[in-house]
Amino acid sequence: MPETHIQTAFDRDLESIQATIMKMGGLVEAAITDAARALDERDETLADAVRANDKAIDDLETSVNEEAIRVIAMRQPTAVDLRTIVSVMKVSGNLERIGDYSKNIAKRATVLTQMSQIHDTSPAIRRMAQAVELMLQDALDAYIKRDPKLAEDVILRDAEVDQMYNALFRQFLTYMMEDPRNITGCMHLHFIAKNIERMGDHVTGIAEQVVYLVTGSLPADERPKADRTSFQKVAEE
Amino acid sequence: MDDMRITERHLDQKDIKIKADNVQVFYGSSHAIKDVSVEIQDKTVTAFIGPSGCGKSTFLRCLNRMNDTIDICRVEGQILLDGENIYDKKVDPVQLRAKVGMVFQKPNPFPKSIYDNVAYGPRIHGLARNKAELDEIVEKSLRRGAIWDEVKDRLDAPGTGLSGGQQQRLCIARAVATEPEVLLMDEPCSALDPIATAQVEELIDELREQYSVVIVTHSMQQAARVSQKTAFFHLGNLVEFGETGQIFTNPVDSRTESYITGRIG
Amino acid sequence: MSDISASAAGLPGKSSLYAESDRTRRRNAAEKRFRLYGLGAVGIGVIALVCLLASILGSGLSAFQQTYLKVEIYLDPAIVDPNDARLMEDPDAVRAELSKVLTFGYAPLIQGSLQAQAEELAAGPAPEITPQLLAAMVSSAAPTTLRDYVLANPEEIGETIEFDFLANARIDQYLKGKVTRESAALDSRVDVAQLNAADELLDLGQMEKRFNWDFVFGPDASENRPEAAGIGVALIGSAYMMLIVLVIAVPIGVGASIYLEEFARKNWLTDIIEVNISNLAAVPSIVFGILGLAVFINFMHLPISSPLVGGLVLTLMTLPTIIIATRAALKSIPPSIRDAALGVGASKMQAVFHHVLPLAMPGILTGTIIGLAQALGETAPLLLIGMVAFVRDYPEGILDPAVGLPVQVYNFTNRADPAFVERASGAIIVLLVFLVIMNLVAIILRRRFERRW
C-alpha cells in the first residue's frame, strides 16, 4: 500500500496530530521520571515543576482531540486512517491520565518531604516508575513504528509492574503494623505506588491501541493480571 | 467483526438472489472483467465500488444483459438469477430486464408526462388490463419512488420538468413499476446535489425491504451509508467482497484499504 | 509552482488591473479583428443575396403581368363558316366542318376588325400605322384563341364579340419599359408606329396590363410568341416528381437509416455502406441522370420525358441526403433514452419506435424537406432523361411527357427572343417561392414536433 494519500494535506494532518501525541508522550515520560526523582531525592522544587507541567500535557490532549474531531469531520477517514484517528484520541486520553497520576505523585512527594523518611521504599518506587516509564517509551515507539510485536511485549511487561506493586503493598502494610506513626507516610507512599501501577495499566492501554491500529482488532487474549492486592488480607497475628 | 454492528445494521443470512460464477467480460480483445464470482443477497443493498474503469459498471450491466446492446462485448461464465442462468440461450433479455430493473447515472425520464413515464413499462408488459389498474400501478410506483406527494397534482406535467433529484426518483418509480425483483443502479446520485442524494439514499434504504438492490457508486461514503454488502473492484478483478462495516473499518486486502483511504485512484 | 514564482519575480512590479497590458491589448485587438472579419463575411453574403433577389425580382416580377388588347370581332360567317356548318344538327359534325377553316384563315378577321381603329390612329397620334401593323400588335396566338372560341361556341357565329387578345411580346415589353424606341428602331419585328399606337390605345383603355394567371398555369408556347408562354406544365411535372420522391425516397431513406443506425451491427460491411452513402451524396447529380437514362429508360423502357423517370432519378439523388440527415437526427438522440427504454424491458424496436423516432422526428423532417427542396431545384439529371423537351400538353399522369420547373427555366433562357428573359426570371421566382414554402414547412414542422420537455 502506498504510504501517502492522494491528498497530501490529509497526510500532513495525520502527521501533525501524531507529532503532537509524541510531544505529549515526551512530556509525560519526563513527568513520570521527575515525579519519582522528586520523591526519591525529596526535591520540592522538582515536585512543583512536575505539578506545573501537567497543564501543558492537558492542553496538548485538548488540542489532539480537537484536531482529531476536525479530521473526522473534514476528511471522513476510513479503515487505517479511521483507526489512526480513533487510537490517537484514546492514546492522548491515556497519556493525559498518566500525566495526572504524575502530578498526584508530585503532590504527595511535597507532603512526604515534610515528614521523616520511612525506611528505604522510595528507591523501590523509583525503580517501579522507571519500569513504567520504559514501558511507555516502548509503547510510544511501537506506536510510531506500527510495531504490534513490541506492543504485545509492553502489555506482557505490565505484570512486572503489578508484581512490584504487590511487593510494595505488603511492605507498607508491614510498616504500618509495626508503627502506627508510619501510617500517614505509608498511606501516601501506597497511593503513589498505586498511581504508578495505574500508569502501567494506561501504558498497556496505549499498547493495545497500537495493536488495534495495525491489525484492526484488539489483542484477543486477556492480558496477565498480577495485581493481587485486591484479594490481600492483613495477616492476622 | 460482529462487534462493529451493535447498531441497526443487523445482517441476517438472506437468500441468494444472484449468483455470479467465474464471469469474464471481454470488450473486443480487452479483458474487462476477470473471473468474478459473487453472491448477491435478496433484500439487501450491495454496493460496487472501485476506481474508474475497474469494471464495476460493466459487471452491473451484465446482471440484466444491458451489455448485449454493445456488439463487441462478450460475456463468459454464468450468472444465476434464482438459480436460472440469465445467459442461457432460452432467456429473452427483454423478459429478464422486466425482472431486473435498472436506474442510470443521469436521470433519464422519457420526454413525456410523469404518468406516461411510469406507465410505459406496465403498458409494454401488459401488466394492467384497464385504465383503473394502470392508475393504481402508477400511484403505487410513485409512492414507492417516494415522489408521489410531490407530483400527484401534476401527473400530466412533463417528467423532464422535475428537478434532478425528483427526476431520479421518477426513474426509480419507473423501474419499480414493472415489478422487478432486482434493482440495478448505476451511480444514481452522481448528478444530484447532496439533499437530493440524501433523499435517493433514503429511498434506496426503503427499497431494500422488497428488492435486492445493487448500486454502483463512486462515492465511498455513499456505499458506506446505503449498503450492507460492499464489493471492491480493481482492474477488472473483484478484490474484496464483504460486509460494508468491515470493508470500511478493517478491509482485508491492502488494495481495498489503499482505495478507501484515498491512497490510489 | 517554481515557474509561477519565477515569472512573478520577472515582472517589473505589481501591475494594476486598470492598466491594460500589452498582451491584453493585442488579444483584444485580435478579437476585434476577428469580429470584423465575421461581420464582413456576413455582409458579403447578405449583399450577394440582395443582388440576386433584386436582379431576379427586377427582371422577373413583370412576367406576372401581361398586356391585353381589347378587340371587337364580328365573327363573319363567310370567313369562319363558309359552308354554313353551324346549321347542322350533329355537334360533332359541326365541329368537324368548322375545323376545316385553319387558324391561318382567322387572321384576316382580326385585321379587319382593327381596320377602323387603324384609320383613326393614323389620322391622329400614329400617322404611319396601317391595319397590318396594328394587327401585328396582337399576339400571333390570337387567331388560335379566336378559332378555339368559335369551335367551342359555333352558335355565336355572325355576332360581334369583344375579345381580350394578348399583345405582341414587343408591345408588352415596351409597356413594361424593356423595349425602347431606340431598340425598336433596330428591331425588324416592331415598328415605332406600333409603339405610338400602343401608347394611344393604353390611353383609350383598349389596351391594359393585367395579372397573368396564364403564365403560372398555362402551357409553354413556341419561340415566336413568348407572350403566351407559361410554366403550368412544368409546375405539374415538378409536383408529380416531388410526389414520387416523397413516396419512394422518404420511406426507403428513413427505413434504411433506422436500420443502419439502430439495428445493424457495426462491421466492415456497414462501414463500407456508410462510406458509400456519404460518397453518393457528393456525386454530381448529372451522374444520376446518366444512371437513370441507362437503367430506367434504356433497360426498363419506361417512357422518356415522364415524371415517373424524373422522380425515380431524383429519388436516387435525394436518398443519400435523407439517409445522412436521418442518421444524424437519430445519432443526436442521447443513448440514455434508449437505455431507459431497454432498462424497463422494452424491446429494441419498441425503444426505437416509441422513444427514439419521435424525438428524432424534427431532424428527420428537416432533412427530408431539404432533400426534397434539393430535388425540386435539380436540372442536370432531368436533361439527360429527356425532360428538356418542349411540352405543350398538360401531363395527365406520371407516364405522360412533362418538364420540371428548373428545366423550364433552362428552356426559357435557351430561347433567342429577349422576351423570354423575363419569363425565365418569373419561373425562377415561382421556384424560389416553392423552395421558401418548403423550408418554412420544415421549420414549422420542426417547431411542432420539437416539444422540448
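Two residues are in contact if their C-beta atoms, placed from the backbone, lie within 7 Å. This is a predicted model: local features need pLDDT of at least 70, side-chain atom pairs count only at pLDDT 80 or more, and totals for chains, interfaces and linings use all residues. Residues are numbered from 1 along each chain as its sequence is written, while chains are lettered from A and ligands numbered from 1 in the order in which they are written.

**View 1. Chain pairs.** Chains B and C share the most contacts of the 2 pairs of chains in contact. Chains A and C do not touch. Their nearest C-alpha atoms lie 16 Å apart.

**View 2. Helices H1 and H2 of chain A.** H1 covers residues 8-40 and H2 residues 44-75. Helices (H or I, at least four residues) are DSSP runs, numbered from the N terminus, as are strands (E, at least two). The two axes come within 9 Å and cross at roughly 160 degrees. Axes are lines fitted to C-alpha atoms over the stretch in contact, with angles from 0 to 180 degrees between N-to-C directions. H1(A) and H2(A) are therefore roughly antiparallel (angles over 145 degrees). Residues of this contact divide into 19 nonpolar, 3 polar and 8 charged. Asp, Glu, Lys and Arg count as charged; Ala, Val, Leu, Ile, Met, Phe, Trp, Tyr, Cys and Pro as nonpolar; the others, Gly among them, as polar.

View 3. Where pLDDT is low, the predicted coordinates should not be read in detail.

Technical notes. Angles under 35 degrees count as roughly parallel, over 145 as roughly antiparallel, 65 to 115 as roughly perpendicular and the rest as oblique.
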